[in-house]
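Me: I am new to this structure. Please take one part of it, the surroundings of the ligand, and go through that part closely.

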Amino acid sequence: NDTVFTFGGNAPHTNARQKDKTVTGGKGANLAEMASIGLPVPPGFTIATEECLKYLAEGGDFSDRLRADVAEALAHIERTVGKGFGDASDPLLVSVRSGAAVSMPGMMDTVLNLGLNDETVKGLASASGDERFAWDSYRRFVQMYSDVVLGLDHGLFEEALEIAKEDAGYYADTEMTADDWKSLVAEYMRIVDEEHDAPFPQDPTEQLWGAIRAVFDSWDSERAKVYRRLNDIPHDMGTAVNVQAMVFGNMGDTSATGVAFTRDPSTGERAYYGEWLVNAQGEDVVAGIRTPQYLTKAAREAAGAKPLSMEEAMPEAYAELARLFDLLERHYRDMQDIEFTVQQGKLWLLQTRNGKRTAKAALKLAVDMVGEGLIDEKTAILRVDPMALDQLLHPTLDPNAPRDVLTTGLPASPGAASGKIVLDADTAEVWANRGEKVILVRVETSPEDIHGMHAATGILTARGGMTSHAAVVARGMGRPCVSGASQVAIAREGRMLTIGNRELKEGDTITIDGANGQVMAGEVATIEPELAGDFGVLMEWADRHRRMRVRTNAETETECRMARQFGAEGIGLCRTEHMFFDADRISLVRQMILAENEAGRRAALDQLLPEQRADFVKIFEVMAGLPCTIRLLDPPLHEFLPHGDAEFEELARATGKSVDQLRRRAGELHEFNPMLGHRGCRLGITYPEIYEMQARAIFEAACEVAKASGEAPVPEIMIPLVATKRELELLKDVVDRAAKSVFAASGCTVDYLVGTMIELPRAALMAGEIAEVGEFFSFGTNDLTQTTLGVSRDDAGRFLTTYVDKGIFARDPFVSLDVEGVGQLVELAAERGRATREGLKLGICGEHGGDPASIAFCEETGLDYVSASPYRVPIARLAAAQASL
Ligand code: PEP
Ligand code: MG
């Protein structure tokens, strides 16, 4: 297979491999494409990504074959521009740039002006007739090469330039003369001699291979790895290298360089958008050394800026650029992000790619382009990254506001929030009740913190991964959350915390950004979400094209309302235990748990019944007529136990028992491994009266709502953590008896189903038998992942990042379903279940129900619906549509 591809000039016609981004990278593929449609692209060649992978895996020297192919490709450039690489009279200079299949802006390395040395610089000066330009290019090259290839501190070079300017009394780089640059180059060479064990390489071929090596190495740089991790980009793709004839934006006042978008990437407005600089090279625009100027007159005037726009200063080059913008947009049928250079009046394109955009812009572009006839509805649906919708549904930080970042944790639940630090749930509630905005900061959260999480505007934890309790609950509530911020250390006694070397105390204000995991000191300004028209339009298109239904994981009236507003078509998981924590009933729940016998439990359950019923009435009212899957009690009982002395004393007063008695009983409930302990249906098997009460509450509420509104809800009662058919049989019987008794007493009947969660490997394997009893299955992929991998979902945070970095998992399996492994169990259970019971209703209610890649798997597997937390419902609608297309 070829691994070196030429483009530009009379390079042979590009083949499919060259236009394949996985082979030549995004930049290489687009350069070939642009050249092939006749756009002004400097000639060059691309070395394929597989050479990068080979180099990184094997190390050592490059093969003779590769060296020969590169030499031949270099000759193509020489022929096309009519200059020789290393020619002392009129040298060819090249740029060497990275370019992976997925764009990673600024993450990897670039070297410009390569091919200059003490001899060729003179040739460049005489051939161009511009000595200043030649020496400016040389000093740029030495600095960049020393930084990128030799690994020297670029600060040393910047400092030398600053000193040179200061000594000469200059303000701007543009004041430097040819002689000034010449002396600076001498100074740079001195720095290299001092800091590096060899002199600056003078041989252009050696320079070229050094740069190629550096670009390959930069794929494995720390910042590139972090970027890939944050953006779910696999580590095994490698980068291509693009070597291209230099064109110069620094050849005086008829030359310039810039970057531009064909539309506004933050709003999606149809207006050219960009920055440019006269007499400069690309890195000047990006590096912020000089303040770039506006591209269009309108933008300049709107900003009240003085320096002329490109439209005004270089009208001809600008008109040509605008023509190419339109041509490129029509060709790629998408907004383009372009790098260009004007060399003595002639425009060159150095790069084009589909421009990165905000969620808002993505929606507007998709909807507008359908209107303009550029793309069809299906393409528009595929254009918008479902995860980006998150940005639209939560308040977000003002991108222009300054940030004092204290640390970065995991982006566990999106949205941004500012508030005062509080260190426990009760304080959070008290402060919130007096109207304060608070951020609940905990080492980790547990179910008893729910009221505090609810009261808080945001949650920060030191421990726990993306499916830790804090993360799951926060997403469900729509609270921004940063979890696993391991630098956060809490000293409860002093009500203090430290983050790195910064000390903070309860009451200090911080801001968290759940979209990127940042934790910042003070308040950072936010902007409110707006569900603009484009959002509605795209969602409508998505709904027309999807097969699967989208439900929500919700347990309060507010969450249900929110979810319906976001388009939920039912409840896929109502975790009833969350209702047990409310202040008005936790004491009853504790009395129930600590009762010594069934009679004692029943006495407490009788009092809980009306409370649960009232909860369900509210939910059924909001979900009018839609299916509602309600799960009976799941977590181990000890999670509800009192903790401090005060709580035990209160309970002693309520029950008439002694604190000692209660403590002893609480001790009996201790479990070594509660997640595999007395929880789920095992509670229902040992204490059927608990499930009986819950079933009763559900049916009584359903009948009440059916009578009052005429719209009967369809309860789907779900038994958690089932491993065997017999468990389900026994518990279905408890539910059926409760139904019978309620229907008889109330004279009302509602349809209902009894089904089970599939969240244990045995349940998946025995699905055929379980489906003889179960009337529906819902895949609880949180527990199914935990039990299949043998990885605790609450402790995984400590090592999963390393696992992802080392490529053991492509993504966190608690976030994106392990399709290969856990996925097999889902497929197998679906198949076996449906073989027993034709048309068995199948859904997923683990966190994966809101993850686009997992949703695509659910579509393939033929599930009937996915269920996601309210804020993820729109994401799931769009992802389900994309999966159907
Ligand atoms: C699951 O295990 O996937 C599930 C939805 O239940 P929970 O997260 O409440 O354990
Ligand atoms: Mg579960």
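Reply: D783 is in contact with L721 and E759, leaving aside its neighbours within four places in sequence. Contact here means that the C-beta atoms of two residues, placed from the backbone, lie within 7 Å. This is a predicted model, in which local features need pLDDT of at least 70, side-chain atom pairs count only at pLDDT 80 or more, and totals for chains, interfaces and linings use all residues. Residues are numbered from 1 along each chain as its sequence is written, while chains are lettered from A and ligands numbered from 1 in the order in which they are written.

D783 lies in helix α31. Helices (H or I, at least four residues) and strands (E, at least two) are DSSP runs, numbered from the N terminus. D783 is buried because 23 other C-beta atoms lie within 10 Å of its own. The cut-offs are these: a residue is buried with 20 or more other C-beta atoms within 10 Å, exposed with 12 or fewer, and partly exposed in between, the C-beta atoms being placed from the backbone. N782 is also in helix α31, but N782 counts as partly exposed because it has 18 C-beta neighbours inside 10 Å.

Both residues belong to the surroundings of ligand 1, which are made up of L573, R575, D634, E759, G780, T781, N782, D783, C845 and G846. The elements that give two or more residues to this shell are β27 (571–575) and α31 (781–789). Helix α31 gives the most, with three residues. A residue counts as near a molecule or strand if its C-beta atom, placed from the backbone, lies within 6 Å of it.

An unreviewed entry places the feature "binding site" at R575, R631, E759, G780, T781, N782 and D783. The feature "active site", also from an unreviewed entry, is placed at H469 and C845. UniProt positions are given in the numbering used here, feature names are shortened, and annotations may be inferred rather than shown by experiment.

C845 is one of the residues around ligand 1. C845 sits in the loop between β32 (841–844) and α34 (852–861). With 28 C-beta neighbours inside 10 Å, C845 counts as buried. Apart from neighbours within four places in sequence, its contacts are N553, G572, L573, S778, G780 and S867. L573 and G780 are among the residues around the ligand too.

L721, one of the two, lies in the loop between β29 and α28. L721 is buried, since 24 other C-beta atoms lie within 10 Å. Its phi is near 55°, a positive value in a residue other than glycine.

Strand β29 (residues 714–719) and β30 run parallel and are joined by four bridges. Two strands pair if DSSP finds at least two bridges between them. One such pairing sets E716 against L753 in β30.

Strand β30 (residues 753–758) is mostly covered, with five of its six residues buried. Three bridges join β30 to strand β31 (residues 776–779), and these two strands also run parallel. T756 stands opposite F777 in β31. In a regular strand the side chains alternate between the two faces of the sheet.

The chain averages a pLDDT of 91, and 97% of the residues score at least 70. pLDDT is the predictor's confidence in each residue, from 0 to 100. The predictor gives the complex an ipTM of 0.99 and a pTM of 0.77. Where pLDDT is low, the predicted coordinates should not be read in detail.
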